[in-house]
Amino acid sequence: MAKNNLFNRKNKIQLIQEQLKETFKRKTCSFYRYIKIADPPSMRDILYKELMGINVLGRVYLAKEGINAQISVPEPNWNDFIFKLDNHSGFSKMHIKNAVIEGDQSFLKLIVRVKNKIVADGFNDETFDFLNVGTHLSAAEFNATMEKPNTIVVDMRNYYESEVGHFENAVCPDVDSFKESLLFVKEYLANNKEDKILLYCTGGIRCEKASAYLKHHNFKDVNQLNGGIIEYSHQIKEKSLDSKFFGKNFVFDYRMSESITDDIISHCHQCD
């Protein structure tokens with residue numbers, strides 16, 4: 001495949017029309033992994049060709065620190081997709097989180113892009129070990145731990161995400177970026193380094209780095225919701241648990257949000 005064919009050249013109208021003609025269903029899912037990738041540009045081209053070959057749509061970000069993806073896979077090609085991931089040793093047995101609510105057109109095209117970081121944090125601290133993460137908790141463990149004394153629940157997302165849905169009694173930073181949330185949380189919890197910290201985000205990737213960041217700054221008991229709100233929603237349904245999360249889970253695709261509970265906890269800034 002020529003280099004010029006490693007990018008989408010179609011306009012939005014063409015892409016919508018093509019999807020409307022599809023006779024199969026799609027599965028929207030996400031995954032990430034912090035892993036050292038020696039040559040992200042080469043891996044980018046390999047993945048683009050493989051995913052295009054099985055009609056995958058969505059966004060895949062690669063960096064020297066790992067991979068982050070939100071994609072839509074044709075159901076008939078699901079096994080091929082898993083096989084192609086497993087064929088790369090660094091991506092094998094990936095923890096893939098299926099969407100809570102499926103959308104007809106979650107994504108219109110495939111983007112595979114090389115970035116400096118798979119989650120922008122703004123830091124260049126060579127002593128910061130992003131692989132030294134906190135304890136991963138299941139939905140049941142997260143619920144139970146929330147009830148323990150000296151426990152602080154922290155939302156690691158942006159303000160517009162937590163506005164439409166969040167865990168009860170959570171600290172929700174009024175920030176616009178992940179970099180800002182890291183700085184806010186470190187300062188806000190400066191006197192709570194001995195307390196039990198519970199972090200959560202959409203799918204887990206921001207908490208992965210945030211937990212390592214807090215441990216780097218000497219927080220003693222850092223925990224994170226494994227798989228984020230997406231996995232939490234699946235587990236509370238499968239295990240008939242009470243949801244401690246209220247409202248909607250904000251997502252960065254054409255669906256915009258997924259309802260976790262029926263609670264409406266905010267209003268539109270424009271029309272009220």
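Author: The model is predicted. Take His88, which sits in the loop between helix H3 (78–86) and S4.

Reader: Is His88 buried or exposed?

Author: Buried means under 20% relative accessible area. His88 has 14% relative accessibility, so it counts as buried.

Reader: Which residues is His88 in contact with, leaving aside its neighbours within four places in sequence?

Author: They are Met43, Ile46, Leu47 and Glu50. With Glu50 there is also a polar contact between the two side chains, at 3.0 Å.

Reader: In what order do the five strands of the open sheet lie?

Author: The order is S4-S1-S3-S2-S5, with mixed pairing. Ala63 is opposite Gly66 in S3.

Reader: How should I picture the side chains along a strand?

Author: In a regular strand they alternate between the two faces of the sheet.

Reader: Why is strand S9 described as largely enclosed?

Author: Because four of the five residues of S9 (residues 196–200) are buried, the rest of the structure largely encloses it. S9 runs parallel to S7 (residues 151–155), with five bridges, and Ile197 stands opposite Ile152. S9 also pairs in the parallel sense with S10 (residues 221–225), over four bridges; there the bridge partner of Ile197 is Val222. From S9 the chain passes through H7 to S10, a right-handed β-α-β crossover.

Reader: Where does helix H7 lie?

Author: H7 (residues 205–216) lies across S1 (26–34) and S3, at about 15° to S1.

Conventions: Residues numbered from 1 in each chain as written. Predicted model: local features only at pLDDT ≥ 70, side-chain atom pairs only at ≥ 80, totals over all residues. Heavy atoms only, no water. Pairing = 2+ DSSP bridges. Helix = DSSP H or I, 4+ residues; strand = E, 2+ residues; numbered from the N terminus. Contact = heavy atoms within 4.5 Å. Axes fitted to C-alpha atoms, helices over the stretch in contact; angles between N-to-C directions. Buried < 20%, exposed > 50% of the residue type's maximum accessible area, 1.4 Å probe, protein only. Polar contact = N/O pair within 3.5 Å; in protein donor to acceptor, adjacent residues only side chain to side chain. Right-handed = clockwise from strand over helix to strand, strands pointing away.
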